[in-house]
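Hello,

Here is the model I promised to pass on to you. Please open it alongside this note, and you can follow along as you read.

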Amino acid sequence: MLSNLLQTLKSILTERQFLPKRWTLIPTLIGSILAITLVSGISLIVWLSSAGLFEIDESKLDVIVNYEHSDNSLVFDKSGKQIGEFFSDYHVYYPYAKIPPLMVHAVLSIEDRSFFEHHGLDYKAIARAGVSLLKTGHFRQGASTITQQVVRNFLLTPERKLSRKIKEAAFALQLERRVSKERILEIYLNALFLGQGSYGVAAAAQRHFGKTLDDLGPHEIALIAGLFQSPTRFNPHKNPKAAKKRQLLVLKAMVANGFLEPSDYKKWSTEPLVYQVPASMNQSIAPFFLDAIQEQTDKILQGKFKGKGLRITTTLDLSLQQELNTILQGSKSIYSTAANALINVKNPKESMIEAASLVMNHRSGEILAMVGGRDFSRSQFNRALKAKRAPGSCFKPLVYSQALMGGMNWSDMTYITPIVIQNYRPQNYSNEFMSESTYFNAFYRSINTPVVELGSRIGIKKIIETARKMGVKTELKPQAGTLLGGSEMTMTDLAQIYGTIGNDGNKPDPFMIEKITTRNGVVVYEHKAAPVTRVLPPAVAYMMTMAMQAVFRFGTAAKYPEFASYAAGKTGTTNEAKDNWFCGFTHDITSIVWVGTDDNYAFSGAVAGASMALPIWARMMERIKDRYPPLPFEMPEGVVKKRIHPLFGFEDANGVEMPLLEGRGPTRHESTLTIVRDTGSFRDALDW
Amino acid sequence: MKAIIRKCFPLLLAFTVSAPLLAQSDGTDSIVASGGGADCKRIYESTMQYYKALAHFLPSGFKYHDQLPTHQFLKLSGDGCELFDTVDLYQRVVSLHSQKIAIMLPFNRWPAVTHKALISHIKTYVASQGLDPEKNLVWLDTGGQIQTMQEQLAQLVFSQHISMVIGGATTAEAPVLSKWGDRLRIPTLILNKKFDPPRSRFVFRLGPDNKQMAASLVAYAEKRGFKKIAIIMPQSSRDGSFADALVGSKKIETIGPLVYNPSDYNSIDIIFKRLFHLNDDSRKPEMLDLVNQFKDKAKEEGVAFDQKGLMLPPEVDVDALVIIDNFKNVRHIAKSLHFYGVKHLPLLGIPKWRAPELVDQEEENLSGAVFVDYVGSYKNLPYNIKADTVNDENMIEGSEASRVDLELVVNHAVAAAVFALKGPKAPRFALYKRLEQVQPDDKAFFGAGPIFKPDHESNWPSFLFSVGGGKLQALQGSSSAAKPKSKPL
């Protein structure tokens, strides 16, 4: 084009139509050049303007200048051990100073070997790219510096257009003026997407190799370094061959730049690349607990925590949790027995049986361990927190507590007969009509009708109100069946009831999150203990505790008498054993176990709380006892212990030890009922 | 002279020994007509052969004394009526007695505490009457065994020559002892409550009488205007005669007795469902309506419907329910009536209701219930019988109840026997007349009138008590209710 132009100009000039011959050639040439330059310059300016060069707003760089790296939020147990992490995108932040030098070298070798020399643009690379453009008409050769890539990543679209490239170049120059090289590199190495949901080299190390950045070998570093150009195309999980080819290119570049010995190249180029997606910590340790933590954190911070790199300290006792996991998973024989006892189920399977458990320090409110189901991967439904199931006889302590507050004595006797309340006619578990019992004995043997009688005298509304005061959140049905645990509630509701009794009558305030801080240690949330709420007098709580100790000595948990000295508890079995519970506590710890099915299948008579939930609870308690040695239950003032006949309620040296309020209790030392029981008759000396 | 004395010595000895034993007889006492012949044989057949029969219960090696008329008689072959003085001998045999009261009871059936207390009490009483308990009382434990009792009776008759026998406490012993008493012409006081004594001059029944008590209860029920009562009782009950007496009174229409097993509530359930017409076929449509009504209600309320809990309202067409059982089962039954929707149905009962445990807990259905007993207030018992009351004067500890019952009955029997003995000496066979006349010491308790009615049945008072407010209250004018008419023997 230029030659044509010159040719035309020459012909005009030689025709001497406009200018004299000799003396006007040079000025004319100069003028022509100037004109061309002017026009070109104007055209260039016009074109650059149309490309938006003059619209570059430097303030847009602030997002890079002020970049705060994203970070996974980490979750810790109460002693500071990590138990999980939360992220929407997977980030693992590494400050520049901590990034292994080989990683830096690998990236620089393949992406921008003169990074530390240029000021944002690599002109030689641009020239090479320009020649390629003139020759082929396309941008085939990359010339982007790391700085340009950062700019592109944060500010611009990835399309290959000259206008975009010009803007990118301008921003890159400006960025270099505002931010240090190390910082730009740090951002580059932490913020860019590298496949498998990972952002940054450390995250990529986890996601591709299941390792920390520090544990990577040079062959692995090379692979990751190669991902920057195209994490999708070079994703080793999807395109292993392409990934390998790219890795070799990186290794060669590292050798070429003197960051790797040629002899090492052979070694590392043939070293196998073992890709591993590590088992998510979230799924392996305390998945249900973590799920709940995420939910709670969301609620506390109103969703503003993903990627903020929070540090969430929880109340979980990791060791206890692991033991609990082992116990629940190891109770296969129980699940197997239960499966064999399922009725009206086609093809009953052991996997149909579910279990859940909760351990809480009722003094502090800390949730120490939680299992929401047998297999998180199969079902994420948290049965410990969310399942509403009928508690059966586990509800009885609430009724009896209320009765004790209303003046009932454990030594009071009742005649066990069929009763009716609001058309509700409860059955006794072992058909014990026509027998007599003290309430103490009726409690630990879990006889039904006395509870219904007491409850109907107290009033169901009052009992529900007490439940509320204890911290039960589920709405209970105001009907007679509730007295025998027919109204569904959650495991945490039960923990509130048993925790209140175990906590000397004070309502526990359960919580799972101790503290939330930013990654810099700024506290954004801290649990504050609620003021103490007394629900039961200490004397009533103690009397209830002793009755639950008797469950181990004489009652439905008598197979485990060894627990009676330091633990208290209650079995619970609903109709047709659809729910099987054991709820118990020591001086400080409340623990609950449930076994059943999600579909509410019934079991045959062989299954009950005592045969399903209790053995699991017992194994748990052995572990809890080791970690939290139980103190004895302290008898408060105003309570005395007396030996009372368990059936007829009179003072009896051979009787069962019962707690009574001072000044209350039986005044007699015998009962005519004994005569009838022993002889079968009364006043029949002359009837023989 | 010496020879005469030597010859007459045995006779003299016999007279000396038997002088206190032989009582004077007047002409009316004599059941033996003078002379021999037909009378002799009649007497042998009606009486003397049974002495020989009883003698078979004597142990081998039993030492006979020829001087004693009873032993002499036993040596006779056959009726001995061919001998001139046989009738005289008979007279002496049935007259001879040693002023001893024999008390034959099944002590091993009662707790050791009870029978020790009983023996001690009776001894004290006898001593207070001027007699010697060691001489005038003899105690034997029959063990409730008939064979043992007969062996003991043989010893009492042939060795100790007892004046009267008190015993027959069990339904097995009573008829056997009474037969011996009648046949041997030995005044016999039978204590078993259910025993119907044969018409015999010599046999008396002493103690509470189920028929009499039933009559009291019926009289009360009539007074209350009850026209129809249901009777329920446990299987193997020892109070069947009470139920029979109620049914037999014919003064009030009765249903039952309906029998249940107190160890199996289902049997009681069946009775009540039948009694209150809960499962009648005629009420099936009514039940269906009820089911549908509650189904709809459950649906409205969003709750599960449980048909098991539904029951028709009861149809109560009896005026009262008699529960012939002990207080324990009465409490259960009274309480379980609520289950059937039955409230305030008058309940009537028997002495076995009476224990502190009947009233120590309030039971709505027992309020106003009435039961009959043979003991009144425990505060002022006759014969100085002591018992610590519980809550009020009408209740004592259950462990004391049997002791008090026994002391009362046995002491009353002994009192009658002592009265009979203390009068002018009479032949044994004639002591029955004294018994017919004996009056109770404690008229406040036993009422006026002789201890025995003309038919030799006990004139034992009945007492009615009502239940309420944690106490038992004696109903006024309730003691010694209607006495059934009896013909003299």
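Between them, chain B and chain A bury about 3,900 Å², where buried area is the accessible area (1.4 Å probe) that two parts lose on being put together, summed over both. Carbon and sulfur atoms account for 55% of it. In chain B, the residues that lose the most area to chain A are His332(B), Lys335(B) and Phe339(B), together 18% of what that side buries. Counted by contacts (heavy atoms within 4.5 Å), 50 residues of chain B meet 32 residues of chain A.

Before you go further, a word on conventions. This is a predicted model, in which local features need pLDDT of at least 70 and side-chain atom pairs count only at pLDDT 80 or more, while totals for chains, interfaces and linings use all residues. Residues are numbered from 1 along each chain as its sequence is written, chains are lettered from A and ligands numbered from 1 in the order in which they are written, and side-chain values use heavy atoms, with hydrogens and water left out.

Now to chain B. Its secondary structure comes to 17 helices and 14 strands; these are DSSP runs numbered from the N terminus, helices being H or I with at least four residues and strands E with at least two.

Five strands of chain B form an open parallel sheet in the order E2-E1-E3-E4-E5; two strands pair if DSSP finds at least two bridges between them. E2 (137-141) and E5 (203-205) of chain B are at the edges with a single partner strand each, so one side of each has no neighbour in the sheet. From one strand to the next, the twist averages 20 degrees. (Axes are lines fitted to C-alpha atoms, for helices over the stretch in contact, and angles run from 0 to 180 degrees between N-to-C directions.) Within this sheet, E1 (residues 101-105) and E3 (residues 164-167) of chain B pair over three bridges, and Ile103(B) has Ile166(B) as its bridge partner. Helix H8 (residues 173-184) of chain B packs on the sheet, touching E1, E3, E4 and E5 of chain B, and its direction makes about 160 degrees with that of E4(B).

Elsewhere in chain B, E11 (residues 389-390) and E12 (residues 392-396) run antiparallel, joined by two bridges. They form a hairpin with one residue between them, and Asn391(B) in the turn has a positive phi of about 70 degrees. Four of the five residues of E12(B) are buried.

Finally, the rings. Over all chains there are 42 aromatic pairs: rings of Phe, Tyr and Trp (its six-membered ring) pair if their centres lie within 6.5 Å, with planes under 30 degrees apart counted as stacked, over 60 as edge-to-face and the rest as tilted. One of them is the stacked pair of Tyr188(A) and Phe228(A), at 4.4 Å centre to centre and 15 degrees between the planes. Both of these residues are buried. Phe446(B) and Trp460(B) have ring centres 5.2 Å apart and planes at 90 degrees, so this pair is edge-to-face.

Best wishes

How values were computed:
Buried < 20%, exposed > 50% of the residue type's maximum accessible area, 1.4 Å probe, protein only.
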